[in-house]
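Colleague: I would like to learn how to read the computed features of a model, one at a time. Could we begin with the surface and then turn to single residues?

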Amino acid sequence: MFDRKLVIVSGKGGVGKSAVAASLALHAARRGKRVLCIGMTDAIGLATHFGVQTLTYEPRRVHAGIDAIAIDRVAALDEYLHIQLRVPKAAPLRQFTKFFEELVDTAPGIREIITMGKPLFETWRTTYDRVIVDAPPIGQLISYLRAPITVANVVPTGAVRDEAMRMRMTLADSAQAGLLIVTMPEELPVVETIEALNDMGDEALIDLLGIVINRVIYPLNADDDAVGGLEDGPLKDAAVLHQQLAEEQHRWLELLPDGPRLPHLFGLLTPGEIAAALSERWDEL
Amino acid sequence: MSPRSRTLIVTGAGGVGKTTVSAALGVHAARNGTRTLVLTIDPARRLADALGIAKLGNDPAPVKTQPGLWAAMLDVTASWEAILDRHTEPEIATRLRSNAFFRAIADRFPAAQAYAAGEQLADYLEAGAWELIIVDTPPAGGGIDFFAAPNRMSELVGGRVLRFLTGAGLPGRRALYRFTARPVLKVADAVLGGPLLEDLAEFLLDLRTLYDGLTMRAATIERYLSAARVIVATTAQPSAMREAARFYDELPGIVVKPAGVVFNRVLPAEWIGLKPGMPSNGFTPEQAAELRDNLRNWAAEAHRQADARAELASQYTTATATIPWRHHAPTTLDALADLITSSDGLAVLTGLD
């Protein structure tokens with residue numbers, strides 16, 4: 001999974017996809033890669049994992065070997081029109097951009113294609129060796145991955161259509177791009193992950209790199225009888241809670257395909273500490 | 001007409017347990033003799049089973065095993081069918097239903113889902129059959145969308161794109177066919193292709209017919225939302241905390257300041273700073289060390305949770321309540337009710353005391 005140029009990290013909200021995306025970037029940078037990390041939906045989630053306040057559309061050096069940006073729709077649209085579609089500078093673009101902004105709320109696929117465009121442009125360019133995307137939640141991501149096809153269906157001809165077809169090819173090319181789904185061993189994230197896998201079925205939108213299972217609680221070595229025999233008090237309460245959580249998680253883990261597992265990090269570390277700790281797990285794997 | 005029912009809205013980031021909290025509050029209120037309806041969005045299977053609501057839709061159904069409690073589950077498609085029927089002529093409604101743009105908006109535009117939930121709430125309030133209506137907010141847009149949707153929906157239907165395509169004023173259908181004469185749209189035409197813009201404009205003209213009805217309805221929904229009590233559910237996870245803060249930052253400008261925040265999955269505060277003792281008997285030194293490390297781990301987590309609660313409470317001078325961390329999600333009505341009785345301050349926070 002570490003050799004694709006474009007890695008899209010998704011999952012249900014709250015499972016730690018930004019942390020996993022940041023940890024993959026740290027891992028790649030340690031191996032000498034020039035990395036671009038892209039926050040697709042929000043500027044802050046990813047930023048905090050690199051210990052900065054926020055991100056913009058201008059690449060910001062957040063760590064040795066890592067630049068990070070957040071998608072800004074207006075800037076992304078500008079880049080899309082001028083650089084990708086080569087709309088002439090002389091065109092009344094300011095007004096057109098305004099119109100387009102309104103349009104993205106209405107026409108299917110347009111908003112997604114503009115947001116999805118940036119990671120793909122950077123995959124086509126040679127500035128970076130790795131493009132790691134902190135993507136929207138998995139349910140929404142599918143419509144982003146389908147957007148090039150949606151657009152090709154509503155736009156009969158022209159530059160937008162050609163560009164959409166090129167995007168679709170790159171996303172589906174397993175030599176270049178892959179999807180990493182982050183989940184955790186609880187009911188809703190597991191159910192949603194399985195639904196997403198079924199939903200994508202055999203559409204071949206993108207190659208699935210794997211399912212990362214985050215915040216796994218491993219059972220204690222002391223068995224349940226021993227824990228039950230502890231005298232009442234915090235030592236017992238904490239051990240019982242831990243064992244029961246581990247057991248509950250086990251039920252959901254059994255429903256998931258095998259994949260890299262990342263441990264629950266105790267003490268709700270800061271986002272920066274979490275990303276650093278997780279990146280060490282990638283070094284080990 | 002002003003509805004007699006109270007409204008309680010539970011909002012917050014995805015994955016913090018707001019659906020469970022909403023259901024638990026519903027059971028609690030019903031057991032205290034309040035006729036209660038819970039509108040849920042997308043419950044986990046086990047929760048739906050606990051309420052016996054596997055096949056629910058927009059029509060409230062009584063929860064068989066809990067007198068005084070009704071439940072409904074948002075069906076966005078059905079809500080939009082009803083919205084079309086209410087606000088436009090049958091012929092246009094039919095045309096819109098089969099329009100690709102309309103389906104894309106109704107299915108995926110986050111404000112459309114959120115707006116549908118608002119319409120349902122208004123219907124239930126006006127039915128006057130319940131003393132309390134609890135709303136579990138849709139996850140789209142981090143929950144803020146639910147509150148901003150009435151306004152955003154009227155703007156969309158009001159046709160900002162349409163005005164751009166055809167110029168100011170209410171356009172006739174003929175104006176559409178002149179639109180490519182405008183220089184801006186020559187660019188759009190080259191990039192997007194003319195047929196797309198024409199289809200889009202046709203669609204927007206149809207949508208425009210909803211404007212008067214929908215705008216009035218949206219204003220009513222906004223009034224109901226402003227009169228509701230809003231509580232924010234969160235865990236101490238940083239991403240959930242950021243969402244919680246957003247509600248305090250943004251909601252007062254849209255409807256109303258949240259009445260308080262409920263922290264879910266809370267560990268015992270007495271673990272904080274505790275020096276783990278030695279287990280009494282029968283443990284190897286390795287096991288004893290593991291058990292003591294385990295308590296230290298969870299105590300560290302408890303410590304960070306307490307810090308997070310204190311920070312949010314002081315930053316926004318708001319009331320807080322806590323629900324203890326349970327090892328698994330409640331699967332029975334009793335377990336749901338127990339969530340509220342074992343909580344610290346939730347009944348007070350929600351006004352259900």
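Modeller: The accessible surface of chain A is about 11400 Å², and 50% of it belongs to carbon and sulfur atoms; such areas come from the Shrake-Rupley method with a 1.4 Å probe, and for residues only the protein chains shown count as cover. This is a predicted model, in which local features need pLDDT of at least 70 and side-chain atom pairs count only at pLDDT 80 or more, while totals for chains, interfaces and linings use all residues. Residues are numbered from 1 along each chain as its sequence is written, chains are lettered from A and ligands numbered from 1 in the order in which they are written, and side-chain values use heavy atoms, with hydrogens and water left out.

Colleague: What percentage of the residues of chain A count as buried?

Modeller: Buried means under 20% relative accessible area, exposed over 50%, and partly exposed in between (1.4 Å probe, protein chains only). Of the 285 residues of chain A, 58% count as buried.

Colleague: Which residues gather in a patch of negative charge on the surface of chain A?

Modeller: A patch is made of residues with over 30% relative accessible area and no salt bridge, like charges being joined within 9 Å, where a salt bridge is a side-chain nitrogen of Lys or Arg within 4 Å of a carboxyl oxygen of Asp or Glu. Here the patch consists of Asp223(A), Asp224(A), Asp225(A) and Glu247(A). Asp225(A) lies in helix H9, residues 224-228, a helix being a DSSP run of H or I with at least four residues, and a strand a run of E with at least two, numbered from the N terminus.

Colleague: Why does Asp225(A) count as exposed?

Modeller: Asp225(A) counts as exposed because its relative accessibility is 67%.

Colleague: Turning to chain B, is Leu56(B) buried or exposed?

Modeller: Leu56(B) counts as buried, because its relative accessibility is 15%. Leu56(B) sits in the loop between helix H2 (45-51) and strand S3 (61-62) of chain B. Contact means heavy atoms within 4.5 Å, and, with neighbours within four places in sequence left aside, Leu56(B) is in contact with Ala61(B), Ala71(B), Ala72(B) and Met73(B).

Colleague: Where is Ser343(B) found, and which residues does Ser343(B) touch?

Modeller: Ser343(B) is in the loop between helix H15 (333-341) and helix H16 (346-349) of chain B. Not counting residues up to four places away in sequence, Ser343(B) touches Thr322(B), Ile323(B) and Pro324(B). Ser343(B) counts as buried because its relative accessibility is 12%.

Conventions. Patch = residues over 30% accessible without salt bridge, like charges linked within 9 Å, V, L, I, M, F, W, Y side chains within 5 Å. Lys, Arg positive; Asp, Glu negative; His and termini not counted. Charge placed at Lys NZ, Arg CZ, Asp CG, Glu CD.
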